[in-house]
Amino acid sequence: MPAAPLALMMDRDAVAAFLDEVFPQIHHGGPGPVVESVGPLTATMRLPYHERHLRPGGTLSGPAMMGLADVALYVAILAQIGPVALAVTTNLSFNFMRKPAQADLLAEARLLKLGRSLAVGEVLIRSVGQDDLVCHATGTYALPPR
């Protein structure tokens, strides 16, 4: 028998509002990551193509993709456990696959494990309109006692 679907503690709008409240600096200097959707153990984020996120050559930078992957995992976790500001990154690993297009990036986060004290997940990042990955990331978050 398949497992029952996990209930979300926060929907897309609630997670987005929480991010704006606890990380108001995320949008300073230009658009920051946008919560596209959340689901059971998943989140999709968009990073708008903007000069703030560019490196020489006009491509979106590695640090911009790293931040996008980190926040995508955080959003997937928040949707499941609720507004826990002190869930913190303990590890992130990145494989940059190819140069991103001059377009927005979409990050699809999926939690592989959501335990009492740790969450482990992966993030697939693509340029909008492209099928090929530009980045694959894995990460672990430490969760505070509930």
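Contact is taken here to mean heavy atoms within 4.5 Å. The structure is a predicted model, in which local features need pLDDT of at least 70 and side-chain atom pairs count only at pLDDT 80 or more, while totals for chains, interfaces and linings use all residues. Residues are numbered from 1 along each chain as its sequence is written, and side-chain values use heavy atoms, with hydrogens and water left out.

Residue S127 belongs to strand 7, which spans residues 118-127; strands are DSSP runs of E with at least two residues, helices are runs of H or I with at least four, and both are numbered from the N terminus. Because its relative accessibility is 2%, S127 counts as buried (buried means under 20% relative accessible area, exposed over 50%, and partly exposed in between, with a 1.4 Å probe and protein chains only). When neighbours within four places in sequence are left aside, S127 is in contact with P100, A101, D104, L105 and V134.

Strand 7 is paired with strand 6 (residues 105-114) in an antiparallel arrangement through nine bridges, where pairing requires that DSSP finds at least two bridges between two strands. Within this pair, K113 stands opposite V120 of strand 7, and a hairpin of three residues links strand 6 to strand 7. Strand 7 also runs antiparallel to strand 8 (residues 133-142), to which nine bridges join it, and A119 has Y141 of strand 8 as its bridge partner. The hairpin of strand 7 and strand 8 has five residues between the strands, and in this hairpin G129 adopts a positive phi near 85°.
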